Amino acid sequence: MPRPRRPISTKQIRARLLRDARRQLWEEQNGCCWWCGKEIDLYLDPNHPLAATIDHLIPVSVGGKDVLSNLVVAHRVCNEARGNRMPPASALKVRMRAAEH
Ligand SMILES: [Zn+2]
């Protein structure tokens, strides 16, 4: 007898979306951190300081959206060091342009 499938919670859906987004962004950024430009190992333990994290380019706290064009992949340390600082306007422009394609 096949076991009945448990319905997927929104939390699980979100976790999966984020994982897919992380991989997609990582590929778009050639496997490099948005902030420091160094390589990111996608398979590091999530608690590792150099693990890949998803960062909002424009922080949600100042109106940034939870959409791919506002997301970048960055090292955990870079993400944390950055806090709520806005990215340089030039970097933002490049990102927005890349997102259009
Ligand atoms: Zn970095």
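Select V73 and show its surroundings: leaving aside residues up to four places away in sequence, V73 touches R22, L25, W26, Q29, W34, I40, A52 and I54. Keep in mind that this is a predicted model.

Is V73 buried or exposed? Count the neighbours. V73 has 26 C-beta neighbours inside 10 Å. The cut-off for a buried residue is 20 or more, so V73 counts as buried.

L57 and V73 are 16 residues apart along the chain. Their C-alpha atoms are separated by 9.5 Å.

Colour the strand by burial. Five of the five residues of β2 are buried, so the strand is largely enclosed by the rest of the structure.

Select residues 52-56 next. This is strand β1, which pairs with β2 in the antiparallel sense. The pairing runs over five bridges. Two of V73's contacts, A52 and I54, fall within the β1 range. For a view across the pair, pick D55: V72 in β2 stands opposite. As you look along the strands, recall that side chains in a regular strand alternate between the two faces of the sheet.

Zoom out to the whole chain. Three helices and two strands make up its secondary structure. Along the sequence, the pattern reads α-β-β-α-α. The C-alpha atoms fill a box of roughly 60 × 25 × 25 Å along the principal axes.

Finish with burial and contacts. Of the 101 residues in the chain, 12% are buried. Among contacts between residues at least 6 apart in sequence, 55% join residues at least 24 apart.

Definitions and conventions. Residues numbered from 1 in each chain as written. Predicted model: local features only at pLDDT ≥ 70, side-chain atom pairs only at ≥ 80, totals over all residues. Contact = placed C-beta atoms within 7 Å. Helix = DSSP H or I, 4+ residues; strand = E, 2+ residues; numbered from the N terminus. Pairing = 2+ DSSP bridges.
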